[in-house]
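Open the model in your viewer and keep the selection panel at hand. The tour moves from stop to stop.

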Amino acid sequence: MFFPISHSYINPLYLVVVGFLIGILGGFFGVGGSFIAGPALRLLGIDWNYAVGTDLAHIVGKSIVAARHHRTLGNVDLKLGLIMAIGTIGGAEGGAQAIQALKRAGNVNTVVSWVAIVVYFSISIFMLWESQKTLRSHKGRSQNAAEPKADHSAFGPVTKRIQRIRIWPMVSLPTSGIQEISLWIILVVAVVGGFFSGFLGGGAGYIRMPSMVYVLGIPTHLAVGTDLFEIVISASYGTFTHAIKGNVDILIALVMHTGAVIGAQIGVVATQYFAGPKIRLAFVPLPLIGVAIVLYTLLTGHKL
Amino acid sequence: MKKSDAKSLRAFAIELAIYAVLVTAYFFLVLHLLGDWLYRLETQHRVLYAVVALLLIAGQAVVLDAITTLLFRILRRRWR
């Protein structure tokens, strides 16, 4: 099938399958799945700027569905999501501007590829270390099965120290069980996530979801749902700004999204059967798949 | 596998099959009709294209979610 906006020939079935897989990941982990979608589009020979913008558009649709389902399960902290959306939008614009600068310099594909490799790899290694340490230290307790969705983190002491930083204004997040936290810490997490959203595509849930758990101390299930809610707002802005810059092929996004709808439903239901550290441990291989695909296209220059 | 799980799985498989037919029809009808118009919009009116792109993806999300939810509900009721 010919997609005139990006001037590319792509098998729509490939897009639907990619969308389906990303939908499952999104519903289950609360991430946009751009660490798979970006490289998957790149593998088809689509330039990074189109991969980033188109992926953002597809994520808007998918996140609307997943966030709605998470809201019905009580996994969304609306107050936190709205605060984070403000910071994310600012960061996303910075990321989109960086992409434009690289486009003008003519090295967008190389730079974004290497940044993607470093970021995805670092996240995987950190989450592997943390979730394994947490599961080992709470083995006895979680096996009692009294708390199927129990949430602990080996990074907990650092999180508590971060929560004690008192830089006015302080906000309380009763839904997430946080009595007080500095607004600036939430905004910093949001701006960093937003920058990577604009720069590497997607909702940057691969950065924001772990940041919400480890830095802000949000329970994993709430971090997943809130992240998705926040992605709806920030990815909409990202799509808009990238579309104006000529980086969005909405036809590709629409086709990918048809698969994502079904996948997202499966993912959301699956979160109910796993504890927080197990969800985080299962997350570990995903960014590594993105690393492998980016490395493959970067080193071989091969396009499907 | 529990009896209820097997029923859910069967309902889901049927939902997937119906959904696949609907999506295929959607590709050939809607995307072919919209393709040229969106391409012209993207080259000539970027801001309008950005707005339309957002509306399309949000609209598709709501409609497809409603369809899949409805299908799943009907099929589960049928096999209960």
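Which elements of chain A do the buried residues of α2(A) pack against? They pack against α1, α3 (48–72), α5, α8, α9 (205–216) and α13 (285–300) of chain A. Keep in mind throughout that this is a predicted model.

**Stop 1: helix α2 of chain A**

Select residues 34–43 of chain A, which form helix α2. This helix is mostly covered, with nine of its ten residues buried. The buried residues are Ser34(A), Phe35(A), Ile36(A), Ala37(A), Gly38(A), Pro39(A), Ala40(A), Leu41(A) and Arg42(A). Now step just past the end of α2(A) to Gly45(A), where phi is positive, about 95°.

**Stop 2: α5 against α8**

Two of the partners of α2(A) were α5 and α8 of chain A. Show both: α5(A) covers residues 108–137, and α8(A) covers residues 183–200. How do their axes meet? They come within 11 Å and cross at roughly 135°. Because of that angle, α5(A) is oblique to α8(A). The crossing of α5(A) past α8(A) is left-handed. Display side chains at the contact next. From α5(A), pick Val112(A), Val115(A), Ala116(A) and Val119(A). From α8(A), pick Phe196(A), Phe199(A) and Leu200(A). By class, this contact of α5(A) with α8(A) has seven nonpolar residues, no polar ones and no charged ones.

**Stop 3: α1 against α11**

Move to another helix pair in chain A. Select α1(A), residues 12–29, together with α11(A), residues 250–271. Their axes come within 5 Å and cross at roughly 30°. Here α1(A) passes α11(A) in a right-handed crossing. What kinds of residue make up the contact of α1(A) with α11(A)? There are 21 nonpolar and eleven polar residues, and no charged ones.

Zoom in on Val17(A), which lies in α1(A). Now draw a distance from Val17(A) to Ala260(A): the C-alpha atoms are separated by 8.3 Å. Along the chain, Val17(A) and Ala260(A) are 243 residues apart.

**Stop 4: chain B and its contact with chain A**

Switch to chain B. Its secondary structure comes to two helices and zero strands. Of the 80 residues in chain B, 21% are buried. Next, show where chain B touches chain A. The contact takes 25 residues from chain B and 26 from chain A. On the side of chain B, the elements giving two or more residues are α1 (3–44) and α2 (46–79) of chain B. The largest share, 15 residues, comes from α2(B). Color this side of chain B by class: 19 residues are nonpolar, three are polar and three are charged.

**Stop 5: confidence along chain A**

Finish by coloring chain A by pLDDT. The average for chain A is 82, and 90% of the residues score at least 70. Where in chain A is confidence lowest, and where is it highest? Confidence is lowest in helix α6(A), residues 139–142, at a mean of 52. The highest value, 91, belongs to strand β3(A), residues 170–173. Then select residues 142–148 of chain A, where pLDDT stays under 50. For this stretch of chain A, the model has three contacts beyond four places in sequence.

Notes:
Residues numbered from 1 in each chain as written. Chains lettered and ligands numbered in written order. Axes fitted to C-alpha atoms, helices over the stretch in contact; angles between N-to-C directions. Helix = DSSP H or I, 4+ residues; strand = E, 2+ residues; numbered from the N terminus. Parallel < 35°, antiparallel > 145°, perpendicular 65-115°, else oblique. Left-handed = near helix turned anticlockwise from the far one by under 90°. Contact = placed C-beta atoms within 7 Å. Nonpolar A, V, L, I, M, F, W, Y, C, P; charged D, E, K, R; others polar. pLDDT = per-residue confidence, 0-100. Buried ≥ 20, exposed ≤ 12 C-beta atoms within 10 Å, placed from the backbone.
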